[in-house]
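Hi,

Here is the structure I promised to pass on. Have a look at it first, and then read my notes below.

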Amino acid sequence: MTRLSVNINKIATLRNARGGNIPNVLEAAINCERFGAQGITVHPRPDERHIRYQDARDIKRKITTEFNIEGYPSEQFLQLVKEVQPAQVTLVPDSPKNLTSDHGWDTINNQDFLKNVIREFHAENIRTSIFIDTGEELIRRAAETGTDRVELYTEPYARKYPENREEAITPFVRAAEVALEEGLGLNAGHDLNLDNLRYLKENLPGLLEVSIGHALIADALYYGLENTIQLYLRQLK
C-alpha cells in the first residue's frame, strides 16, 4: 500500500491568519496520525508564513509516524533538519517568494550542489528525496546525486487529468519506470485529490508515498479530518 503523508501547512496558514494558536498545529499533526495518516509533512519557508520552524521541532517530539520536512536547502533549513532529525527530507527548489512549489530540480546544473547537501543529510542518517519533473535525464541525473528517492511533481498530471487521464499519466508512468531502473524510491505530490489519486496509484509502479496537503485539508472542512484521511487512504488501497 502506498503511504499517505499529510501536509499540514494549510492548518498553519489558518492559525497564522488570526494569531494565537487556533487551530493548534501540533494537535492537528497528532490527530492526523491518530486518524490513520502514515506520515506528516511540513514545508517551512524562510518567512514562516505558515509552518514555523518551532512547529517542526514540536511535532517531531510528539508524533511516532514518519516525519517529512520539505523545503529549499538554505543554511537555515539545513540546520533545522539536522536538529529535528526527521525520517525524510524532501529537497524543493523554491525561491523564498514562491506561493507554492511549481517545478522540480534541474538535477543537471545543480548536480554538485545537490550532492553536497545530500551528503550532509546522509551523514545524519536522514533519508533524502528530490522534488523533480518527469524528464528522463533529470531522473537519471538525480540518481547520481546519491538521493534515496525522487518525488514526482504531479501538478501537470492533475491539470490534464479531467480532460484526458491517459494522456495525463503517460509521462509519469515512464518517469516511475526510470526511477525504478535507477534504484530510486518513488514518491509523488502536488495537487493530488480524491478525484485523481486512485488512478495515479493504480498506474505508477513502485509508488511508495504521496504527500497531500491543500486538497485534503480543504476536504476536511466538508467531511471532517478523520473521515477525510480515511477517504484518501481508501484511494491508496
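Tyrosine 222 is exposed in this predicted model, with a relative accessible area of 69%. Tyrosine 223 counts as partly exposed, at 44% relative accessibility. The ring centres of tyrosine 222 and tyrosine 223 lie 6.4 Å apart. Their planes are at 55 degrees, so this pair is tilted.

There are 8 aromatic pairs in the structure. Another one to look at is tyrosine 72 with phenylalanine 113, which is stacked, at 6.3 Å centre to centre and 20 degrees between the planes. Tyrosine 72 sits in the loop between β3 (66-71) and α4, and phenylalanine 113 in helix α5, so the pair ties together parts that are 41 residues apart in sequence.

If you like clusters, find Tyr157, Tyr161, Phe172 and Tyr199, which form one aromatic cluster.

Now for the helices. Helix α4 (residues 75-84) packs against helix α5 (residues 111-123) with the axes 10 Å apart and at an angle of about 20 degrees. That angle makes α4 roughly parallel to α5, and the crossing of the two is right-handed. On the α4 side, the contact is made by Phe77, Leu78, Val81 and Lys82; α5 brings Val117, Glu120 and Phe121. Sorted by class, this contact has 5 nonpolar and 2 charged residues, and no polar ones.

Happy browsing!

Conventions: Residues numbered from 1 in each chain as written. Predicted model: local features only at pLDDT ≥ 70, side-chain atom pairs only at ≥ 80, totals over all residues. Heavy atoms only, no water. Axes fitted to C-alpha atoms, helices over the stretch in contact; angles between N-to-C directions. Helix = DSSP H or I, 4+ residues; strand = E, 2+ residues; numbered from the N terminus. Parallel < 35°, antiparallel > 145°, perpendicular 65-115°, else oblique. Left-handed = near helix turned anticlockwise from the far one by under 90°. Contact = heavy atoms within 4.5 Å. Nonpolar A, V, L, I, M, F, W, Y, C, P; charged D, E, K, R; others polar. Phe/Tyr/Trp six-rings, centres within 6.5 Å; stacked < 30°, edge-to-face > 60°. Buried < 20%, exposed > 50% of the residue type's maximum accessible area, 1.4 Å probe, protein only.
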